[in-house]
Amino acid sequence: MAAKKTLPDSYFGLVRNFPLRRLRNSAEHARAKSIFLKLSSRRIDQGARDYLYVLVDLIAEYEKRSHQAVDPGNVTAAELVRHRLEEKGISVNALAKEIGIAQSNLSEMLNGNRDWSKTAIRALSKLLNIRAERFLV
(Lines give C-alpha, C1' and ligand atoms only; values in the text may rest on other atoms or scores of the structure.)
Protein backbone atom coordinates (compact mmCIF):
# COMPACT_ATOMS: atom_id res chain seq x y z
CA MET A 1 0.00 0.00 0.00
CA ALA A 2 1.42 3.42 -1.00
CA ALA A 3 2.10 6.04 1.64
CA LYS A 4 -0.30 8.96 1.69
CA LYS A 5 1.31 12.27 0.62
CA THR A 6 0.71 15.16 2.99
CA LEU A 7 1.04 18.82 2.12
CA PRO A 8 3.12 21.20 4.25
CA ASP A 9 1.22 23.53 6.58
CA SER A 10 2.22 26.52 4.41
CA TYR A 11 -0.20 25.33 1.71
CA PHE A 12 -3.17 25.33 4.05
CA GLY A 13 -2.22 28.71 5.52
CA LEU A 14 -2.16 30.20 2.02
CA VAL A 15 -5.51 28.61 1.16
CA ARG A 16 -7.05 30.02 4.34
CA ASN A 17 -5.73 33.47 3.43
CA PHE A 18 -6.79 33.32 -0.24
CA PRO A 19 -8.77 30.23 -1.33
CA LEU A 20 -7.94 28.64 -4.67
CA ARG A 21 -11.11 29.18 -6.65
CA ARG A 22 -12.14 30.85 -9.89
CA LEU A 23 -11.30 34.58 -9.84
CA ARG A 24 -14.54 36.51 -10.27
CA ASN A 25 -13.53 40.17 -10.53
CA SER A 26 -10.64 42.58 -10.92
CA ALA A 27 -10.19 42.96 -7.15
CA GLU A 28 -9.66 39.21 -6.70
CA HIS A 29 -7.36 39.24 -9.74
CA ALA A 30 -5.28 42.08 -8.27
CA ARG A 31 -5.01 40.29 -4.92
CA ALA A 32 -4.01 37.03 -6.62
CA LYS A 33 -1.29 38.84 -8.59
CA SER A 34 -0.02 40.49 -5.41
CA ILE A 35 0.22 37.11 -3.68
CA PHE A 36 1.94 35.65 -6.74
CA LEU A 37 4.55 38.43 -6.75
CA LYS A 38 5.21 38.05 -3.05
CA LEU A 39 5.61 34.26 -3.25
CA SER A 40 7.62 34.23 -6.48
CA SER A 41 10.19 36.68 -5.17
CA ARG A 42 11.37 34.54 -2.25
CA ARG A 43 12.32 30.99 -1.35
CA ILE A 44 9.26 28.85 -0.71
CA ASP A 45 8.63 25.29 0.40
CA GLN A 46 6.82 22.60 -1.59
CA GLY A 47 3.41 23.48 -0.12
CA ALA A 48 3.72 27.12 -1.16
CA ARG A 49 5.04 26.02 -4.57
CA ASP A 50 2.00 23.77 -5.11
CA TYR A 51 -0.27 26.67 -4.13
CA LEU A 52 1.60 29.01 -6.49
CA TYR A 53 1.21 26.66 -9.47
CA VAL A 54 -2.57 26.62 -9.09
CA LEU A 55 -2.72 30.36 -8.42
CA VAL A 56 -0.84 31.06 -11.67
CA ASP A 57 -3.36 28.95 -13.58
CA LEU A 58 -6.26 30.86 -11.99
CA ILE A 59 -4.67 34.22 -12.86
CA ALA A 60 -4.05 33.13 -16.46
CA GLU A 61 -7.59 31.78 -16.80
CA TYR A 62 -9.07 35.06 -15.49
CA GLU A 63 -6.88 37.12 -17.83
CA LYS A 64 -7.92 34.98 -20.79
CA ARG A 65 -11.61 35.25 -19.86
CA SER A 66 -11.36 39.02 -19.47
CA HIS A 67 -9.28 39.40 -22.67
CA GLN A 68 -6.17 40.57 -20.81
CA ALA A 69 -3.98 37.71 -22.00
CA VAL A 70 -0.86 38.60 -23.96
CA ASP A 71 0.82 36.31 -26.45
CA PRO A 72 4.22 35.80 -24.78
CA GLY A 73 5.70 34.62 -28.08
CA ASN A 74 5.77 38.20 -29.32
CA VAL A 75 7.37 39.62 -26.16
CA THR A 76 11.14 40.15 -26.36
CA ALA A 77 13.48 39.26 -23.52
CA ALA A 78 14.18 42.97 -23.00
CA GLU A 79 10.46 43.73 -22.71
CA LEU A 80 10.04 40.89 -20.26
CA VAL A 81 12.99 42.09 -18.15
CA ARG A 82 11.59 45.65 -18.11
CA HIS A 83 8.17 44.34 -17.11
CA ARG A 84 9.61 42.29 -14.24
CA LEU A 85 11.67 45.30 -13.08
CA GLU A 86 8.54 47.44 -13.04
CA GLU A 87 6.63 44.77 -11.10
CA LYS A 88 9.39 44.56 -8.50
CA GLY A 89 10.08 48.31 -8.42
CA ILE A 90 13.74 47.86 -9.33
CA SER A 91 15.74 50.29 -11.49
CA VAL A 92 18.06 49.17 -14.29
CA ASN A 93 20.97 50.59 -12.29
CA ALA A 94 20.03 48.61 -9.17
CA LEU A 95 19.57 45.46 -11.26
CA ALA A 96 23.00 45.89 -12.89
CA LYS A 97 24.62 46.20 -9.47
CA GLU A 98 22.73 43.16 -8.17
CA ILE A 99 23.79 40.91 -11.05
CA GLY A 100 27.34 42.27 -11.18
CA ILE A 101 27.52 43.86 -14.61
CA ALA A 102 28.03 47.45 -15.72
CA GLN A 103 24.81 49.49 -15.99
CA SER A 104 25.86 50.70 -19.46
CA ASN A 105 26.25 47.09 -20.66
CA LEU A 106 22.85 46.10 -19.29
CA SER A 107 21.25 49.17 -20.89
CA GLU A 108 22.82 48.27 -24.24
CA MET A 109 21.46 44.72 -23.93
CA LEU A 110 17.99 46.03 -23.06
CA ASN A 111 18.09 48.43 -26.02
CA GLY A 112 19.20 45.73 -28.47
CA ASN A 113 22.60 47.35 -29.09
CA ARG A 114 24.51 44.45 -27.56
CA ASP A 115 23.95 40.68 -27.38
CA TRP A 116 22.94 39.23 -24.03
CA SER A 117 26.03 38.04 -22.15
CA LYS A 118 26.12 34.61 -20.54
CA THR A 119 26.57 36.28 -17.15
CA ALA A 120 23.49 38.46 -17.69
CA ILE A 121 21.39 35.56 -18.96
CA ARG A 122 22.24 33.36 -15.98
CA ALA A 123 21.63 36.10 -13.43
CA LEU A 124 18.42 37.45 -15.02
CA SER A 125 17.01 33.95 -15.46
CA LYS A 126 17.52 33.22 -11.78
CA LEU A 127 16.62 36.61 -10.33
CA LEU A 128 13.61 37.42 -12.53
CA ASN A 129 12.46 33.85 -13.18
CA ILE A 130 12.82 34.10 -16.96
CA ARG A 131 13.73 31.01 -18.99
CA ALA A 132 17.24 31.37 -20.49
CA GLU A 133 15.93 30.41 -23.93
CA ARG A 134 14.00 33.72 -24.07
CA PHE A 135 17.31 35.59 -24.38
CA LEU A 136 18.52 33.50 -27.30
CA VAL A 137 15.91 34.40 -29.92
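Predicted model: local features only at pLDDT ≥ 70, side-chain atom pairs only at ≥ 80, totals over all residues.
Local features need pLDDT of at least 70 and side-chain atom pairs count only at pLDDT 80 or more, while totals for chains, interfaces and linings use all residues. Residues are numbered from 1 along each chain as its sequence is written, and side-chain values use heavy atoms, with hydrogens and water left out.

The chain has seven helices and zero strands, where helices (H or I, at least four residues) and strands (E, at least two) are DSSP runs numbered from the N terminus. In sequence order the pattern reads α-α-α-α-α-α-α. The C-alpha trace spans about 55 × 40 × 30 Å along its principal axes. Of the 137 residues, 31% count as buried (under 20% relative accessible area, with exposed over 50% and partly exposed in between; 1.4 Å probe, protein chains only). Among contacts (heavy atoms within 4.5 Å) between residues at least 6 apart in sequence, 55% join residues at least 24 apart.

The largest pocket has a volume of about 1,700 Å³. A pocket here is an open set of points on a 1 Å grid over the protein atoms alone, where a 1.4 Å probe fits, with protein on both sides within 12 Å along at least five of seven lines; lining residues have an atom within 4 Å of a point. The volume is the space filled by probe spheres set on the points, which are joined across faces, edges and corners. Of the 34 lining residues, Phe36, Arg84, Glu87, Leu128 and Asn129 are the closest to the pocket centre. Helices H2 (26-40), H3 (46-65), H4 (77-88) and H7 each give two or more residues to the lining. H3 gives the most, with seven residues. By class, the lining has 17 nonpolar, five polar and twelve charged residues (Ala, Val, Leu, Ile, Met, Phe, Trp, Tyr, Cys and Pro count as nonpolar, Asp, Glu, Lys and Arg as charged, and the others, Gly among them, as polar).

Asn129, one of the residues closest to the pocket centre, sits in the segment after H7. Asn129 counts as exposed because its relative accessible area is 58%. Although Asn129 is not a glycine, its phi is positive, at about 55°.

Trp116 lies in the loop between H6 (103-110) and H7 (118-128). Trp116 counts as buried because its relative accessibility is 17%. Leaving aside residues up to four places away in sequence, Trp116 touches Ala77, Ala78, Val81, Leu106, Met109, Leu110, Ile121, Leu124 and Phe135. Ala78 is 38 residues from Trp116 in sequence, yet their C-alpha atoms are 9.6 Å apart.
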